[in-house]
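Hi everyone, thanks for coming. Please have a look at the sequence and the model on the screen, and I'll walk you through them.

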Amino acid sequence: MNNPDAHYPINAPKYFPQQCPVCLHDIELKPVYKEFGTNGQLWVFKCPRYQCQAVFSVLHTEHKTVQFPGDNQSLMNQDELRAISERFVTTYNQAIKAERLKMTELYGEGYRKAVEYLVKDFLIKFGNLSKSEKQISKMHLGDAVNKLPDARLVNLAKASTWLGNDQSHVLQKHPEYGVEDLKKFIEALAAFSIYTMRAKQAEEFVNSDD
Ligand SMILES: [Zn+2]
C-alpha cells in the first residue's frame with residue numbers, strides 16, 4: 001500500500017466514487033489497494049483530506065457496484081419515499097450533506113423544509129382532502145400538519161418542525177433536543193408514510209380479489 005499511484009488506472013472507471021462518502025468532499029480519489037477475484041473487482045480508497053482520511057471500498061461486478069460505507073447512511077427506503085415525495089428525499093439528502101459539511105446556517109432550515117414537503121405530499125396522496133394539489137401545496141405548514149389523519153403523525157410533524165426551526169435560530173427554544181432527535185422524528189414520519197402507502201397497496205389488492 002506504500003505507492004498508491006501504482007494502483008491508479010490511467011482512465012478512472014465510471015464506477016469510481018466521485019466524492020468521499022464520509023466527509024462528502026469532491027476529491028480526486030485514488031485507490032490504495034485492488035484485488036480482482038471471482039467476486040469482482042475490489043478497490044480500496046482512502047480520503048486524501050488530512051481531516052478525514054476515511055477508508056472505504058468499492059466492489060464492482062458485471063451487474064452492480066457496491067460501495068461500503070455508502071453515501072446514504074439513512075435507514076429509510078429512499079425508493080419508496082421517492083414515490084411519495086421526490087422533493088422530500090432531495091431536500092432531506094441535501095440537509096444531511098449540509099450538516100456533515102458543518103453548514104450550520106443551512107441544515108436546520110433544510111430539514112424543516114423537507115418536513116414541509118413530506119407533510120404536503122402525504123396529504124396530496126393519502127389525505128382525502130377536498131383540495132387540489134396546488135391548494136395543498138399553498139397551505140401554511142401548521143394548517144397542513146393539523147390535517148394529517150393520525151394524532152401520532154401530527155405530533156411527529158410538529159416535533160420535527162419545532163426542532164427544525166430551533167436548529168436554524170440563534171436562540172434555541174428547546175436546547176435539550178438536538179439535531180439527532182430531529183432526524184429521529186423525521187425518519188419516523190417518513191416510515192409512517194411508507195407504511196401508509198404499503199397499507200393502501202394491500203387494501204387495493206385485497207379489494208380487487210372479489
Ligand atoms: Zn473524506
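**Overall shape and layout**

Let's start with the radius of gyration: a compact globule of 210 residues would have a value near 17 Å, but this protein has 21 Å. That radius is taken over C-alpha atoms, and the globule rule is 2.2 Å times the number of residues to the power 0.38. Along its principal axes, the C-alpha trace spans about 65 × 55 × 30 Å.

A word on the ground rules. This is a predicted model, where local features need pLDDT of at least 70 and side-chain atom pairs count only at pLDDT 80 or more, while totals for chains, interfaces and linings use all residues. Residues are numbered from 1 along each chain as its sequence is written, and side-chain values use heavy atoms, with hydrogens and water left out.

What is the protein built from? It has seven helices and four strands, and from the N terminus on the elements run β-β-β-β-α-α-α-α-α-α-α. Helices (H or I, at least four residues) and strands (E, at least two) are DSSP runs, numbered from the N terminus.

Now the surface. The protein exposes about 13,200 Å², and carbon and sulfur atoms supply 52% of that area. These areas come from the Shrake-Rupley method with a 1.4 Å probe; for residues, only the protein chains shown count as cover. Of the 210 residues, 37% count as buried. Buried means under 20% relative accessible area, exposed means over 50%, and partly exposed is in between (1.4 Å probe, protein chains only).

**The helical side**

In soluble globular proteins, nonpolar side chains tend to be buried together. Here, the largest nonpolar core has 35 residues, and those with the most contacts inside it are Phe88, Tyr111, Val119, Leu148 and Leu189. Such a core is a set of buried Ala, Val, Leu, Ile, Met, Phe, Trp, Tyr and Cys residues joined through side-chain atoms within 4.5 Å. Which helix gives the most to this core? That is H3, with nine residues.

Let's zoom in on Leu189. Leaving aside its neighbours within four places in sequence, Leu189 is in contact (heavy atoms within 4.5 Å) with Val115, Leu118, Val119, Leu153, Leu156 and Ala157.

Next is Phe122, which sits in helix H3. Is Phe122 buried or exposed? Its relative accessibility is 3%, so Phe122 counts as buried. Beyond its neighbours within four places in sequence, Phe122 is in contact with Gly127, Leu148, Pro149, Leu153, Ser193 and Thr196. Take Leu148 from that list: Phe122 and Leu148 are 26 residues apart in sequence and 8.1 Å apart in space, C-alpha to C-alpha.

Then there is Gly164, in helix H6. Gly164 has 0% relative accessibility, so this glycine counts as buried. Setting aside neighbours within four places in sequence, Gly164 is in contact with Gly108, Glu109, Arg112 and Leu182.

**The aromatic cluster**

A second, separate core of twelve residues includes Tyr15, Phe16, Leu29 and Phe56. How many aromatic pairs does a search of the whole structure find? The search finds nine. Rings of Phe, Tyr and Trp (its six-membered ring) pair if their centres lie within 6.5 Å; planes under 30 degrees apart count as stacked, over 60 as edge-to-face and the rest as tilted.

Phe36 and Trp43 have ring centres 5.5 Å apart and planes at 70°, so this pair is edge-to-face. Trp43 is buried, with a relative accessible area of 4%. For Phe45 and Phe56, the centres are 5.6 Å apart and the planes are at 15°, so that pair is stacked. Phe45 lies in strand E2 (residues 40-46) and Phe56 in strand E3 (residues 55-60), so the pair ties together parts that are eleven residues apart in sequence. Both Phe45 and Phe56 are buried. Ring pairs link Tyr15, Phe16, Phe36, Trp43, Phe45 and Phe56 into a cluster.

**Two loop residues**

Finally, look at Gln53, in the loop between E2 and E3. Its phi is near 55°, a positive value in a residue other than glycine. Lys102, in the loop between H2 and H3, has a positive phi too, near 60°. With 67% relative accessibility, Lys102 counts as exposed, whereas Gln53 is partly exposed at 33%.
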